[in-house]
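Thanks for coming. I have one structure to go through today, and I will keep to the chain itself. Please have a look at it first.

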Amino acid sequence: MAVKTPTVKLASGYEMPIVGFGIWKVPQETCADQVYNAIKLGYRHIDGAWDYGNSAEAGQGVRRAIEEGIVKREDVFITSKLWNNYHARDRAHEMAKLENEAWGLGYLDLFLIHFPVSQEFIPYEQLRYPAFWSDKEQTKVTPFKQVPIQETWKAIEELVQTKENPNGFVKSIGVSNFQAQLIYDVLSYAKIHPSVLQIEHHPYLTQPDLIALARENNITVTGYSTFGPQSFLEMDHAVAKTIKPLFETDAVKSVATKHGKSPGQVLLRWCTQRGIIVIPKSNSVERLKQNLESSTFDLSEDEIKQISALNVNLRFNNPPAPIRIFA
Ligand code: NAP
């Protein structure tokens, strides 16, 4: 029987499942099937983005599950994200509309500003995964474009469906890769409260103050790259290749053995037990299943502390210079 995932209530009032399927680096060729498989296993939350280049295929997978009566549209929570070249108001609207059409599900449950940096406009057809930070030849990082985050935030507020804006096609909005100062800034003018902050979060990068800030301001945190270096091995990341995999640390291994769970499940539970939503990616059906079944056991306070003590403030997802978002 499919696993039923608990949900949390967002500031917008909508419910978001605490375990989702993240689809960065899920190939276009297999994405529809893998999303369909995920839903069949019980996933009710898919985390996508314009720059993953697979929204249309992911949408096909969801539609197949709907057509077969496995779920209804309203049972599935779909996230997408606005890419950096489209921060200007009209571009943001245009891109969100294209992204919504690509998914083909009528609306998006959550739309995030992917990174707090605006780069010059590049026509959609010239952007090709994974060359999103740079030109299509990947020779130079696309220059900055002067668009204040306030303009981009207002633009995505205008997408939200409300009584006054019945044609809006987004249910909740939020930000990703933002840090304290900019979150305070957004809160100073937001007419619609940010529902979600999506950040890199794993035991090598715990960011407790940022998480406290989000909590204090009723913003739900989604953690990405929960397995730390694992995802970045696929990117040939130099540090990811040399640092000890989180799965092999004594802290994670001993807790996993004690509970009879896999190290991956322990890392996911370390997050969800602290109220942090997780969106693990897997191209394997077996691991998808394992990841979904990660919220069926509890760690002790001591075990959580033991894993948190691995923190070394090590960030893997850092854009190329001269973009210095996390400086
Ligand atoms: P992740 O989910 O932490 O790790 C994925 C890697 O771990 C893959 O190599 C996967 O391999 C492997 N894996 C999956 N389940 C496993 C398990 N149970 N045991 C052992 N290995 C396992 O990393 P991520 O993809 O970077 O992050 C997750 C999602 O977060 C992304 O897909 C994306 O949706 C989102 N994200 C957002 C941002 C942002 O800027 N907002 C940045 C990065 C990621 P297999 O595929 O072979 O299983």
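Let me start at Trp103, which is in contact, meaning heavy atoms within 4.5 Å, with Ile23, Ile46, Gly48, Ser55, Ala58, Gly59, Val62, Arg63, Ile78, Thr79, Ser80 and Leu108, once its neighbours within four places in sequence are left aside. Before going on, the ground rules: this is a predicted model, in which local features need pLDDT of at least 70, side-chain atom pairs count only at pLDDT 80 or more, and totals for chains, interfaces and linings use all residues. Residues are numbered from 1 along each chain as its sequence is written, and side-chain values use heavy atoms, with hydrogens and water left out.

Trp103 also belongs to the largest nonpolar core, which has 98 residues; Trp103, Phe21, Ile23, Val35, Phe111 and Leu197 are those with the most contacts inside it. A nonpolar core here is a set of buried Ala, Val, Leu, Ile, Met, Phe, Trp, Tyr and Cys residues joined through side-chain atoms within 4.5 Å. Buried means under 20% relative accessible area, exposed over 50%, and partly exposed in between, with a 1.4 Å probe and protein chains only. Helix H1, residues 28-41, gives this core its largest share, 6 residues. Helices (H or I, at least four residues) and strands (E, at least two) are DSSP runs, numbered from the N terminus.

Next, the sheet. In what order do the 8 strands of the open sheet run? The order is S3-S4-S5-S6-S7-S8-S9-S10, with parallel pairing. Two strands pair if DSSP finds at least two bridges between them. Strand S3 (21-22) and strand S10 (277-278) are at the edges, each with a single partner strand, so one side of each has no neighbour in the sheet. S9 and S10 pair over 2 bridges, and Gly223 has Val278 in S10 as its bridge partner.

Two residues of the sheet deserve a mention. Gln198 sits in strand S8, residues 196-200, and is buried at a relative accessible area of 3%. Beyond four places in sequence, the contacts of Gln198 include Asp47, Lys81, Leu112, Val175, Thr222 and Ile279. Thr220 is in strand S9 and counts as buried at 10% relative accessibility. Among the residues that Thr220 touches, not counting those up to four places away, are Val8, Leu10, Val196, Leu197 and Ile277.

Helix H4, residues 149-157, has Ile149, Thr152, Trp153, Ala155, Ile156 and Glu157 buried. What covers them includes strands S5, S6 and S7 and helices H3 and H5.

Now the largest pocket, with about 1,100 Å³ of space. Of the 49 residues that line it, Trp24, Lys25, Ser231, Phe232 and Met235 are the closest to its centre. On a 1 Å grid over the protein atoms alone, a pocket is an open set of points where a 1.4 Å probe fits, with protein on both sides within 12 Å along at least five of seven lines; lining residues have an atom within 4 Å of a point. Strand S9 and helices H7, H10 and H11 each supply at least two lining residues.

Last, some backbone details. Most residues other than glycine have a negative phi, and most peptide bonds are trans. Gln207, in the loop between S8 and helix H6, has a positive phi of about 50°. Asn313, in the segment after H12, also has a positive phi of about 50°. A cis peptide bond joins Ala321 and Pro322, with omega about 10°.

Key. Points joined across faces, edges and corners; volume = space filled by probe spheres on them.
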